[in-house]
Amino acid sequence: MDVNLCVGCGACAEKCPGKFDDGYNANLKQRTAIYVEYPQAVPLKYAINPKVCLKLTKDKCGLCEEICPAKAIDYTQKEERITLDAGSIIFSPGFKPFDPSRFDNYQYTNFANVVTSMEFERILSATGPTMGHVVTFPKLPLNPKKKQDKLLVEKRKDPKKIAWFQCVGSRDINKCDNAYCSSVCCMYAVKEAMIAKEHAGGDLDCSIFFMDMRTPGKEFEKYYENAKEKHGIKFIRSRVHSVTEDAETHDLNIRYVDEKGGIIDDTFDMIVLSVGLEISKETRELAGKLGIELTPSGFCKTSSFEPVTSSRDGIYVSGVFNSPKDIPESVLDANAAASAAGDALSAARNTLTKAVEKIPEINVVGDRPKIGVFICDCGSNIKGVVDCAGVTEYARSLPYVEFADEAMYACSQDAQNKMVEYIKEKNLNRIVVAACTPKTHEPLFQETLTNAGLNKYLFEMTNIRNHNSWVHKNNPDIATQKAKDLVRMAVAKAALSEPLKEEKINVNDTVMVIGGGLAGMTAAKSLASQGYKTHLIEKKDKLGGEAHKLYKTAQGEDVQTHLDQLIREIETNENITVHCNTTLEAVDGFVGNFKSTLKTKDTAFELDYGIAVLATGAKALVPVEYEYGKDPRIITSLDLDKRFKEKDAGLAKLNSAVFIQCVGSRQPDRPYCSRVCCTHSVDNAIELKKRNPEMDVFILYRDIRTYGERELLYKKARELGVIFIRYDREHKPEVKLLNGKVLIALNDHVLNQPVEIEADLLTLATAIIPRRDERLANFFKVPLNDEGFFVEKHAKLGPAEFATSGVFVCGSGHYPKPVNEAITQGRAAASRALTLLAKKDNLFTSGTIASVDVMKCSQCGVCVAICPYSAPRFATEGRFAGKAEINAVLCKGCGLCVASCRSGAIHLRGFDTNQIFSQIFALGEVV
Amino acid sequence: MNNKLTGSVVVIGGGISGMLSALDLANSGYYVYLVEKGPSIGGVMAQLDKTFPTNDCAM
């Protein structure tokens with residue numbers, strides 16, 4: 001397939017006789033030998049599977065070559081070897097879902113209604129094999145051909161009961177070698193159960209069988225609680241041993257032991273195996289070729305302080321290969337790896353990239369509109385329903401239309417080149433494209449206008465596919481009429497369009513980082529290494545933040561050694577100015593142009609900067625329960641770290657040590673998991689055992705959440721004899737100080753008996769609480785969530801930045817996180833900031849923004865009050881002082897002020913009132 | 001020595017992580033080669049129906 005010629009029309013796949021398993025749909029259906037991965041694939045280019053293509057295997061067929069209108073099929077293509085020169089490599093090969101067919105107890109291969117979570121994901125999807133309809137026998141085709149399958153499909157039904165089995169291929173060394181926790185399965189199982197219930201209606205019974213519920217991410221605990229309370233999803237703490245199948249109905253029978261030790265039999269219509277994430281053999285081999293070190297579980301070995309750097313110089317890693325993780329963490333890894341790979345090459349930045357050639361713009365102001373209209377067939381997508389030739393002919397009859405043409409694919413390179421020619425040849429000064437959605441294609445056509453020397457706002461797009469041919473495919477006549485109406489409206493609007501100007505934003509490339517903890521220091525260091533002057537603001541008298549209180553990382557690295565080294569690097573970096581004992585008093589301005597007042601004990605000073613990174617961190621809760629503060633033997637996790645750091649010899653002499661988890665976390669007033677405390681306590685329990693193997697060490701917990709390879713610590717602690725006793729929120733342990741003893745009473749979950757433990761040391765694993773800095777949040781117009789953590793731009797795709805341009809976030813102010821994750825996010829914030837700083841001379845506002853007709857403005861202030869982006873203000877000086885003016889940088893073009901202006905003084909450029917009305921009037925015109 | 005540095009990066013893997021590394025680097029002034037073994041980028045995330053905890057469409 002010649003990807004430069006393929007236009008992605010799909011004509012080839014309509015006729016292709018070859019078939020193979022559709023991997024995108026988890027092999028639940030078949031696809032043709034010539035295929036695209038999925039309808040929205042990028043690039044949208046077809047590929048041939050040479051193993052099933054009849055032409056390539058048997059030299060027969062050749063249909064696709066005959067059919068292809070773009071002449072893109074080339075059967076002679078051979079594998080090529082390409083050599084690339086690069087300064088760094090980022091290795092992000094991802095994972096493979098665990099294959100449960102090697103487990104005989106769950107009978108995945110033999111039972112029709114046992115599916116993997118990946119398969120279930122596709123079953124839930126509207127683009128999946130069942131179009132989102134959850135049915136039994138999902139592994140069989142919708143209309144099977146084999147007789148045997150036909151009989152089974154007759155028994156197909158909407159399931160009434162579905163079970164999820166957690167930890168399939170994770171936390172398991174009996175049946176497979178994956179000792180680690182895959183980190184994502186608890187959450188995706190909850191999600192799948194919720195969505196399945198949504199699709200099936202209220203009465204679907206969903207049960208999740210789990211060992212520990214691990215929901216330690218941001219907003220995860222609330223999601224879990226909602227699943228239980230609002231959606232009625234059942235959570236059963238049990239590992240199901242095996243599954244049998246009813247030979248007649250194919251229902252699935254299971255037997256399990258409940259929490260009280262009772263044996264329960266139950267029947268389900270479907271079972272979903274929550275399969276873990278695994279590093280494939282191919283990836284391990286490739287890692288071997290690259291010469292990078294792996295952990296025993298197959299993930300890349302990285303240090304907590306350089307969390308995206310592999311053991312080989314110049315190779316950086318990200319994503320699940322770097323440790324099992326979910327999407328936002330993969331995104332943070334991605335940003336951080338870009339930062340690490342880029343920092344190593346900072347001296348060579350901008351040496352291989354090319355600047356876009358600027359084409360001079362033709363002045364069309366005052367010219368009579370000469371509109372060019374292009375009607376797209378979109379292969380058969382539009383033309384299959386709409387009479388495109390008729391619409392093109394009709395367009396030629398409209399006022400100001402100079403030229404109209406039909407294109408098989410208006411977006412193809414070929415059609416774009418033609419468009420440029422027509423614009424020049426016929427002196428067109430407005431362009432209308434009737435095709436698909438401007439959301440995906442407007443920028444492409446606008447670029448074509450720019451290439452032809454036209455202002456890109458002299459363009460109008462109307463959607464005759466999504467809004468027309470797709471939804472009216474059974475009524476071609478009406479669809480054709482509607483296409484004509486849409487084109488007429490677009491032409492009417494285009495005739496009134498004017499070239500718009502994009503204002504240049506001046507970017508001050510000085511950076512301010514607020515918070516001198518690990519995350520803030522990391523962000524500052526990265527941006528400084530890229531050559532930017534960075535001011536690091538710390539309110540305390542020294543850098544380092546909460547990390548000063550930590551003993552070791554989960555990987556056993558000494559925190560203080562690394563911290564001291566990082567502080568030294570920061571303090572000696574020429575590009576970094578450290579301001580300790582300094583607080584932020586005021587913030588004014590916007591992206592690229594911030595101005596702040598900062599205050600030290602005795603002075604105040606001003607700072608101009610273009611980018612801000614908020615790394616203000618979080619702090620440990622001071623507990624108010626479990627007799628804390630009443631006895632020196634009752635301490636917090638950080639107090640214990642202090643004793644370890646100070647090499648307290650007394651620790652080895654303890655006979656009994658107890659840890660209580662979730663002190664202040666996962667409760668109604670603080671409905672989130674503090675993420676780090678399980679690992680911290682497990683690690684500290686191991687440290688105690690190391691100092692005195694005879695010591696009785698107990699961890700009282702609700703769910704042990706040692707996600708990822710931290711699970712190995714949990715395993716090690718159990719092997720060393722640390723005793724884990726579970727309690728639930730309603731029956732917390734009781735701590736008593738009696739006769740000079742610290743006594744802890746609770747119910748043992750295994751014995752189902754009350755037990756009392758005497759502790760020489762009781763460590764409370766306290767919650768991490770946010771600083772809830774509303775003042776800072778208001779300064780930068782960034783939101784805080786209910787608990788007081790900063791809310792990032794996008795929960796999945798924008799975890800290190802705010803919706804406010806030019807402001808970035810990292811560290812525990814975003815959500816509690818361990819050392820390695822704080823450093824990753826620090827780098828990620830730097831990487832995101834760098835992309836903005838790199839645009840220093842090329843940052844422009846949008847052209848479609850509001851503007852004020854000062855002669856009409858009555859100074860009422862509604863626009864100033866209503867704008868969510870603070871774009872309108874009263875001018876303070878000049879001839880029009882007191883009238884409203886719009887800050888072009890802050891305006892997002894939403895139109896709120898336009899609609900609310902009582903004087904009709906505000907206009908939205910590109911969507912002006914006369915343009916909108918002309919469209920409406922055009923609609924009403926009788927054709 | 002800096003003269004020998006090459007201002008380009010190879011990113012291996014076109015999943016969500018690889019794609020975003022590539023975008024950040026390209027937007028920061030580095031030339032990027034994004035290498036993916038399949039015919040299109042997107043990775044496993046493109047196969048997911050919804051994403052937790054917002055239940056947004058993964059696509």
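Which residue in strand 19 of chain A does Gly372(A) stand opposite? The answer is Ile431(A), and the pair belongs to a predicted model that scores ipTM 0.96 and pTM 0.90. Chain B averages a pLDDT of 92, and 95% of the residues of that chain score at least 70. Where pLDDT is low, the predicted coordinates should not be read in detail.

**The contact between chain A and chain B**

- Chain A contributes 59 residues to the contact, while chain B contributes 44 residues.
- On the side of chain A that touches chain B, at least two residues each come from strand 5 (88–91), helix 4 (117–124), helix 6 (185–200), helix 7 (220–229), helix 9 (327–343) and helix 21 (819–837) of chain A.
- Helix 9 of chain A gives the largest share of that side, namely ten residues.
- Sorted by class, the side of chain A that touches chain B consists of 33 nonpolar, 16 polar and ten charged residues.

**Helix 9 of chain A against helix 1 of chain B**

- The axis of helix 9 of chain A and the axis of helix 1 (residues 16–28) of chain B come within 8 Å, and they cross at roughly 40°, in a crossing that is right-handed.
- From helix 9 of chain A, the residues that meet helix 1 of chain B are Ile327(A), Ser330(A), Val331(A), Asp333(A), Ala334(A), Asn335(A), Ala337(A), Ala338(A), Ala341(A) and Gly342(A).

**Strands paired across the two chains**

- Strands of a sheet pair through backbone hydrogen bonds, either parallel or antiparallel.
- Strand 5 of chain A and strand 1 (residues 8–12) of chain B run parallel and are joined by four bridges, and Ile90(A) has Val11(B) as its bridge partner in strand 1 of chain B.

**The parallel sheet of chain A**

- Four strands of chain A form an open sheet with parallel pairing, and their order is 18-17-19-20.
- Strand 18 (401–407) and strand 20 (459–463) of chain A each have a single partner strand, so one side of each is left without a neighbour in the sheet.
- Neighbouring strands of this sheet are turned against each other by 15° on average, direction ignored.
- Within the sheet, strand 17 (residues 371–376) of chain A runs parallel to strand 19 (residues 430–435) of chain A, and five bridges join the two.
- Helix 12 (residues 438–451) of chain A lies across strand 19 and strand 20 of chain A, and it runs at about 150° to strand 20 of chain A.

**The antiparallel sheet of chain A**

- Another open sheet in chain A has three strands in the order 11-12-13, and the pairing here is antiparallel.
- Its edge strands, strand 11 (242–245) and strand 13 (263–268) of chain A, each pair on one side only.
- In this sheet, neighbouring strands are turned by 25° against each other on average, direction ignored.
- Strand 12 (residues 252–257) of chain A pairs with strand 13 of chain A in the antiparallel sense over six bridges, and the bridge partner of Val257(A) in strand 13 of chain A is Ile263(A).

**Helix 14 and helix 24 of chain A**

- The axes of helix 14 (residues 476–495) and helix 24 (residues 913–924) of chain A come within 8 Å and cross at roughly 150°; the two helices of chain A are therefore roughly antiparallel to each other.
- The crossing of helix 14 and helix 24 of chain A is right-handed.
- Asp485(A), Arg488(A), Met489(A), Ala492(A) and Lys493(A) of helix 14 of chain A meet Gln915(A), Ser918(A), Gln919(A), Ala922(A) and Leu923(A) of helix 24 of chain A.
- By class, the contact of these two helices has four nonpolar, three polar and three charged residues.

**Details of the backbone**

- Val42(A) and Pro43(A) are joined by a cis peptide bond with omega of about -5°, and Pro43(A) is found in the loop between strand 3 (34–35) and strand 4 (47–48) of chain A.
- In chain B, the peptide bond from Phe52(B) to Pro53(B) is cis, with omega near -5°, and Pro53(B) lies in the loop between strand 3 (50–51) and strand 4 (56–57) of chain B.
- Asp59(A), a residue other than glycine, has a positive phi near 55°, and Asp59(A) lies in the loop between helix 2 (54–58) and helix 3 (63–67) of chain A.

Conventions
Residues numbered from 1 in each chain as written. Chains lettered and ligands numbered in written order. Predicted model: local features only at pLDDT ≥ 70, side-chain atom pairs only at ≥ 80, totals over all residues. Contact = placed C-beta atoms within 7 Å. Nonpolar A, V, L, I, M, F, W, Y, C, P; charged D, E, K, R; others polar. Pairing = 2+ DSSP bridges. Axes fitted to C-alpha atoms, helices over the stretch in contact; angles between N-to-C directions. pLDDT = per-residue confidence, 0-100. Parallel < 35°, antiparallel > 145°, perpendicular 65-115°, else oblique. Left-handed = near helix turned anticlockwise from the far one by under 90°.
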